[in-house]
Structures are given as C-alpha cells and as structure tokens.
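Open the model in your viewer and keep the sequence panel beside it. This tour tells you what to select at each stop and what is there.

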Amino acid sequence: YFMAGLVYKQQQSLRYVLNGSDVSQLLVDGGFSGNPIFMQLLAQRNPGMEVYAAELPMASALGAALVIHPAWNTNPVPRHLVALTRCMAD
C-alpha cells in the first residue's frame, strides 16, 4: 500500500505541474528510479507517457552542470551522458 500511495502522490504532482501540457516522456532519477515496483506502477498510472529510469543516480545534478556548461567548458557536450531504461506498464 505504501508504494501505491507514493505513486498516487507522484501522479497528482505531475498533473499539477504539467497542467495539461503535451509532455509525453517522464524521466526519473534518484533512488526510486532503481525500484522496479515503483517504476512499473508509475508507468501503469501514466499510460499516455513513456516512463524511463535514469541509470545515473544523480542525473539531476548532471542536468544542473549542463545548464552552466558554456560558462566553464568550451568543449561540446557528449550526446549520450545518461543511459535510460524504459519502464513498461505490463
């Protein structure tokens, strides 16, 4: 029940933040991205979205670094920094 409650709260938060936008992909990082039960439930509760788990534990930190990348690095950003695993609703 605990995991289902977390997924429900996450789904409510997504609806609030997305507010009817046409976002079709959900990328999850951090501890819960490695939890197959959470990820499968999240995919089931969001059937219109492709749900992916980032295989990099701190993908959000990488994203923050990429935002300021031009300020500290003149090299191009590599294209495939984070591997993603698609989570299916089954």
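**The whole chain**

Starting at the N terminus, the elements follow the order α-β-α-β-α-α-β. That gives 4 helices and 3 strands in the chain. Helices (H or I, at least four residues) and strands (E, at least two) are DSSP runs, numbered from the N terminus.

This is a predicted model: local features need pLDDT of at least 70, side-chain atom pairs count only at pLDDT 80 or more, and totals for chains, interfaces and linings use all residues. Residues are numbered from 1 along each chain as its sequence is written, and side-chain values use heavy atoms, with hydrogens and water left out.

Show the C-alpha atoms. Along the principal axes, they fill a box of roughly 50 × 25 × 20 Å. Of the 90 residues of the chain, 23% count as buried. Buried means under 20% relative accessible area, exposed over 50%, and partly exposed in between (1.4 Å probe, protein chains only).

Now think about contacts, meaning heavy atoms within 4.5 Å. Take the contacts in the chain with a separation of 6 or more: residues 24 or more positions apart account for 74% of them.

**The sheet**

Select the strands. They form an open sheet of 3 strands, in the order 1-2-3, with mixed pairing. Two strands pair if DSSP finds at least two bridges between them. Strands of a sheet pair through backbone hydrogen bonds, either parallel or antiparallel.

Which strands are at the edges? They are strand 1 (25–28) and strand 3 (84–87), and each pairs on one side only. Neighbouring strands of this sheet are turned by 30° against each other on average, direction ignored.

Next, select residues 50–54, which are strand 2. Strand 2 and strand 3 run antiparallel, joined by 4 bridges. Click V51: its bridge partner in strand 3 is C87. On the other pairing, strand 1 and strand 2 are parallel over 4 bridges. Click L27 and find its bridge partner Y52 in strand 2. Q25 stands opposite E50 in strand 2.

Colour strand 2 by accessibility. Because 4 of its 5 residues are buried, strand 2 is largely enclosed by the rest of the structure.

Now show the side chains of strand 1. They alternate along the strand.

Select residues 36–45, which are helix 2. Helix 2 packs on the sheet and touches strand 1, strand 2 and strand 3. Its direction makes about 160° with that of strand 2. Axes are lines fitted to C-alpha atoms, for helices over the stretch in contact, and angles run from 0 to 180 degrees between N-to-C directions.

Which residues meet here? From helix 1 come M3, A4, L6, V7, Y8, Q10 and Q11. From helix 2 come I37, F38, L41, L42 and R45. The residues of this contact divide into 9 nonpolar, 2 polar and 1 charged. Ala, Val, Leu, Ile, Met, Phe, Trp, Tyr, Cys and Pro count as nonpolar, Asp, Glu, Lys and Arg as charged, and the others, Gly among them, as polar.

Stop at Q11, in helix 1. Is Q11 buried or exposed? Q11 counts as buried because its relative accessibility is 7%. Leaving aside neighbours within four places in sequence, Q11 is in contact with R45 and N46.

Move on to N19, in the loop between helix 1 and strand 1. With a relative accessibility of 65%, N19 counts as exposed. Check its backbone too: phi of N19 is near 45°, a positive value in a residue other than glycine.

Finish at D90, in the segment after strand 3. D90 counts as exposed, at 82% relative accessibility. Leaving aside neighbours within four places in sequence, D90 is in contact with Q40 and Q44. Then pick the C-alpha atoms of D90 and Q25: these residues are 65 apart along the chain, and the atoms are separated by 17 Å.
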